[in-house]
Amino acid sequence: SKLTKEGTQVLHAYEDGAYYSFKRAKELGIQCSYELPIAHWATVRRLLAEEAQRYPQWEPTLESTREPEEKLFRKEEELRMAERITCPSQFVLDSIPKEIKQHTPCQVSPFGSPGSQPSEEKNFTKPSNSLKLLFVGSMSQRKGLADLFEAMKLLKKEPVALSVLGQPSLPMEFYRKQFSDFQYFPPCSNQKVREIMMKHDILALPSIIEGRALVQQEALSCGLPIIVTRNSGGEDLVEEGLTGHLVSIRSPEKLAQCILKNLEERNSLKEKKVECLKKAKQYSWEEYASKIIDNNK
């Protein structure tokens, strides 16, 4: 209702919030720039439906399997009205239907990393005999938490400790029944999250579906190597064996192998942490915005 033709050349809007604004922009001849922050809904629905079959007990945590058809229609119309499409990762770009990509210019513009980052090695604690693993995110199988629990069961005789920070989708008793041996941190401020990260060694996020989980760059900016899937949207953040490891989705065994490898190489964690800081600094919010602006000139 506030859109006017005078002085407005481009409207940039996001999934689930663009439909009515784009309709009005079309009436006024304003260019529509769209941002798809997570994989296309059809990919989301397919992957999560498969997860509901893999882990039926985790199905209540998969909220996207129950989105109304009206909402999905609006998502599709938003994409079709867009004249430019921006995605935060190659994984999201690949999920867009071919018929849309054939007619609409699409690009990847990765999110920026946090600005305040530790810059000196003295900020890092010395590696201990155990490995401290951290999961951050909603406690759902969309984030691959069930697979992480299964990986931890395979490592039950190893000195690996798991912490989980996030919002439960079900009562805590459900999670303890799946895997009881983890420390839980409830949702907290970003500063507190960073303080917790600094007390751990590795971030594990074996997500089934994401756009580009910001927690990956938050972890790198705290010096934590990451163990993630391509579906987490951070494939470009992983320098294999240095800033982290890339694993296939639905692979608790490979996840366990990567964790074990980091346990065996824990004496080199301090050097890896420095490389993680360098990687995080390669991504800025200024560059993210510039790519979107340049794409619409």
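This is a predicted model: local features need pLDDT of at least 70, side-chain atom pairs count only at pLDDT 80 or more; totals for chains, interfaces and linings use all residues.
Let's start with a pair of helices. Two packed helices are described by the angle between their axes and the distance between the axes. Take helix α1, residues 19-28, and helix α3, residues 69-81: they pack at an angle of about 35°, and their axes sit 9 Å apart. The crossing of α1 and α3 is left-handed. On the α1 side, the contact is made by Tyr19, Phe22, Lys23 and Lys26, while α3 brings in Phe73, Arg74, Glu77, Glu78 and Met81. Sort the residues of this α1 and α3 contact by class and you get 4 nonpolar, no polar and 5 charged.

Stay with α3 for a moment and look at Lys75. Lys75 forms a salt bridge with Glu15, with the closest N and O atoms 3.2 Å apart. Lys75 belongs to helix α3 and Glu15 to the loop between β1 (10-14) and α1, so this pair ties together parts that are 60 residues apart in sequence. Is each partner buried or exposed? Lys75 is buried, at a relative accessible area of 5%, and Glu15 counts as buried too, at 14% relative accessibility; both go down as buried because the cut-off is under 20% relative accessible area.

In that loop between β1 and α1 you'll also find Asp16. Its backbone is worth a look: phi of Asp16 is near 75°, a positive value in a residue other than glycine. Asp16 counts as partly exposed, at 41% relative accessibility.

Side chains of opposite charge can pair when their charged atoms come close. How many salt bridges does the structure hold? There are 25 salt bridges in the structure. One of them joins Asp147 to Arg54, with 2.9 Å between the closest N and O atoms. That pair links distant parts of the chain, with Asp147 in helix α6 (residues 145-154) and Arg54 in helix α2 (residues 41-54), 93 residues apart.

Arg250 has a positive phi of about 60° although it is not a glycine. As for accessibility, Arg250 counts as partly exposed at 26%.

Another salt bridge to look up is the one where the side chains of Arg230 and Asp94 meet, at 2.6 Å from N to O. Arg230 lies in the loop between β9 (226-229) and β10 (244-247) and Asp94 in helix α4 (residues 90-95), so the pair ties together parts that are 136 residues apart in sequence. Here Arg230 is partly exposed, with a relative accessible area of 28%, and Asp94 counts as partly exposed at 39%.

Back in helix α6, go to Met152. Met152 counts as buried at 4% relative accessibility. Which residues does it touch? Leaving aside residues up to four places away in sequence, Met152 touches Leu133, Val160, Leu162 and Phe179. Gln57 is 95 residues from Met152 along the chain, and the C-alpha atoms of the two are separated by 18 Å.

The last stop is Ser109, in the loop between β4 (106-108) and β5 (131-136). With 0% relative accessibility, Ser109 counts as buried. Its side chain reaches the backbone oxygen of Tyr288 at 2.9 Å. Not counting residues up to four places away in sequence, Ser109 touches Thr86, Cys87, Pro88, Glu287, Tyr288, Lys291 and Ile292. Then look at Ala289, which sits in helix α12 (residues 285-295). Ala289 is partly exposed, with a relative accessible area of 30%. Between the C-alpha atoms of Ala289 and Pro110 there are 9.5 Å, although the two residues are 179 residues apart along the chain.

Terms used
Residues are numbered from 1 along each chain as its sequence is written. Side-chain values use heavy atoms; hydrogens and water are left out. Axes are lines fitted to C-alpha atoms, for helices over the stretch in contact, and angles run from 0 to 180 degrees between N-to-C directions. Helices (H or I, at least four residues) and strands (E, at least two) are DSSP runs, numbered from the N terminus. A crossing is left-handed if the near helix is turned anticlockwise from the far one by less than a right angle, and right-handed if clockwise. Contact means heavy atoms within 4.5 Å. Ala, Val, Leu, Ile, Met, Phe, Trp, Tyr, Cys and Pro count as nonpolar, Asp, Glu, Lys and Arg as charged, and the others, Gly among them, as polar. Buried means under 20% relative accessible area, exposed over 50%, partly exposed in between (1.4 Å probe, protein chains only). A polar contact is a pair of N or O atoms within 3.5 Å; within protein, one must be able to donate a hydrogen and the other to accept it, and residues adjacent in sequence count only if both atoms are side-chain atoms. A salt bridge is a side-chain nitrogen of Lys or Arg within 4 Å of a carboxyl oxygen of Asp or Glu.
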